[in-house]
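Trainee: I've got this one open on my screen. Walk me through it, please, and start with whatever I need to find my way around.

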Amino acid sequence: MTPSRRLILSLVPLLLLGASAHAAPPTAATPSAAYQWLDITLEATAREVDRRGARPTVISRAHAIAMTAMYDAWAAYDARAVGTRLGGTLRRPPAERTLANKKKAIAYATYRALVDLYPEDRAWSADQMRQLGFDPDDTSTDVSTPQGVGNVAAAAVLAWRRHDGSNQFGDEPGSSGVPYSDYTGYAPVNPPDRIIDPDRWQPITFDDGKGGTLTPGFLTPHWYRVKPFALQSSSQFRPPPPPKVGSHQLAREVWEIIYYNAHLTPEQKALVEFMRDGPRSTAQSGHWLRFAQDVSRRDGFGLDQDVKLFFSVSNAALDAFIAAWESKRFYDSSRPWTLVRYYRAGDELLGWVGPGQGVDKIPAEQWHPYSPATFITPPFPGYVSGHSTVSAACGRVMELFTGSDYFGKVEHLTAGALTEPGFACNIIQQRKGKPSKDTPEDCEVTLELPTFSETAEMAGISRVMGGYHIQADNIAGLELGRQVADYLWPRTRAYFDGTAQVP
């Protein structure tokens, strides 16, 4: 067992069951304009998820674009900072570096980015502008005005991202014409109904929530071709290969998945659901940007600090997703759904039966992650875990930004609320048809997140507990995320101090 793995497995009971976290009380300060525009960005993302479902890679790019446009507009009113696209060419004289001008510039920049990213919500986004006192129809490019700075800054970021490999407009050669669709010709080795190669990814058939079924393909298999923010290439920190069928390591990790599934406590179920992010998910980038807002409130940040923090976290998430997807595409590795069926074919095992049914003996072919039937397992290969990679990257950047690993957040959750709502806790925790006798009726859980690094590790281990990943996916993802962050941070900071070499 590696030191990292021992650390993660030893931390989980401690963090879930009551390690003390001395959280600073939130400040009463009014949220900054940057904080407000992040709220608007996350709600726009949630509305998009309502329309099309969660696409974590696409979401991370949207967040990075919006926060980068915001940052580039803000930089025009700072004495040292340079923008990512136009450097210091937009810099305004000292007399114009007012809070009012900063607010106006970042409003126009973020609004223009959101309209480009979520055109179906143009009217809604315009209404947010009006509520904040700005005219959404002001398209001025006069950079002597804050609206001109915001519009020009956003246009430069959007132009740079226009053909960045994401296929936002469905116009890449080889594409189907559908926005964000694959243009690289990926095809799975395994069909949904049988296993040809247990080491390779297999699509899974989900309930569609309407009485039918659907079988999602690999979500954005081309994402390794997306232009990173700071990485030199998507393969820069590619991890070594995952364990394969026939190895003692993989056999052990498949057993671990089965054991977790049959013995999840309410605390562990709450962790799985919290890190899964639930309905209207803004994905891992959105989750960590919410954590960044927690830090902003905790430390009483103003607009300048918020802009830089949100910019840093969003671009860490973007590069972490790109790096993780390169590994997923390169190794095309299997997930527990397939591995349990392969290793235990024809056997009975203890497993979670479904909402309100607890754990019982089931055929291995009926084994199911602790997840709704409408979202059994994320539709893409396992190695490495995106949750682990992005959480480690964002957590590390927040540690570097604040100068401390301390987080101090506490969440109050109800176990089973997102996976099996409406059932009493002793029913959720039943075994072999017998309700639990030692489970609190309300299933309320206090989840403590004492440090950024431990929070990232909890996000990673939650994916193993939930049955979405084997431990190797998690461990390699955490390491990859930290490598991405350590490479990205000095390059991000160079924009703040004006030493960045702007392309």
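Mentor: A quick definition before we start: helices here are DSSP runs of H or I with at least four residues, strands are E runs with at least two, and both are numbered from the N terminus. Keep in mind too that this is a predicted model.

Trainee: Okay. Where does T220 lie, then?

Mentor: T220 is in the loop that runs between β2 (213-214) and α7 (248-262). Its backbone is worth a look: phi is positive, about 45 degrees, although T220 is not a glycine.

Trainee: Let's switch to helix packing. At what angle do α2 and α3 pack?

Mentor: About 155 degrees, and the axes of α2 (residues 33-52) and α3 (residues 56-75) are 11 Å apart.

Trainee: Parallel or antiparallel, and why?

Mentor: Angles over 145 degrees count as roughly antiparallel, so α2 and α3 are roughly antiparallel to each other. Their crossing is right-handed.

Trainee: Which residues make the contact?

Mentor: On the α2 side you have A34, W37, L38, T41, L42, T45 and V49, and α3 brings I59, H63, A66, M67 and M70. By class, the contact of α2 with α3 has 9 nonpolar and 3 polar residues, with no charged ones.

Trainee: What about α12 and α14, how far apart are their axes?

Mentor: Those axes are 8 Å apart, and α12 packs on α14 at an angle of about 175 degrees. That makes α12 roughly antiparallel to α14. From α12, the contact uses H387, S388, S391, A392, G395, M398, E399 and T402, and from α14 it uses F452, A456, A459, G460 and R463. The class count for this contact of α12 with α14 is 5 nonpolar, 6 polar and 2 charged.

Trainee: New topic: pockets. How much space lies in the largest pocket?

Mentor: About 1,200 Å³. There are 46 residues lining the largest pocket, and R52, G53, A54, R55 and F375 lie nearest its centre.

Trainee: Which elements give two or more residues to that lining?

Mentor: For the largest pocket they are α2, β1 (206-207), α9 (283-299), α10 (303-331) and α12 (386-402). The largest share, 3 residues, is from α2. Overall, the lining of the largest pocket has 22 nonpolar, 12 polar and 12 charged residues.

Trainee: And the second largest pocket, how much space lies in that one?

Mentor: About 380 Å³. It has 23 lining residues, with F274, D277, H287, R290 and E411 nearest the centre. The elements that give two or more residues to the lining of the second largest pocket are α2, α8 (266-276), α9 and β5 (406-414).

Trainee: Which of them gives the largest share?

Mentor: α9, with 5 residues of the second largest pocket's lining. That lining divides into 9 nonpolar, 6 polar and 8 charged residues.

Notes. Residues are numbered from 1 along each chain as its sequence is written. This is a predicted model: local features need pLDDT of at least 70, side-chain atom pairs count only at pLDDT 80 or more; totals for chains, interfaces and linings use all residues. Side-chain values use heavy atoms; hydrogens and water are left out. Axes are lines fitted to C-alpha atoms, for helices over the stretch in contact, and angles run from 0 to 180 degrees between N-to-C directions. Angles under 35 degrees count as roughly parallel, over 145 as roughly antiparallel, 65 to 115 as roughly perpendicular and the rest as oblique. A crossing is left-handed if the near helix is turned anticlockwise from the far one by less than a right angle, and right-handed if clockwise. Contact means heavy atoms within 4.5 Å. Ala, Val, Leu, Ile, Met, Phe, Trp, Tyr, Cys and Pro count as nonpolar, Asp, Glu, Lys and Arg as charged, and the others, Gly among them, as polar. On a 1 Å grid over the protein atoms alone, a cavity is a set of points where a 1.4 Å probe fits but cannot get out, and a pocket is an open set with protein on both sides within 12 Å along at least five of seven lines; lining residues have an atom within 4 Å of a point. Grid points are joined across faces, edges and corners, and a volume is the space filled by probe spheres set on the points.
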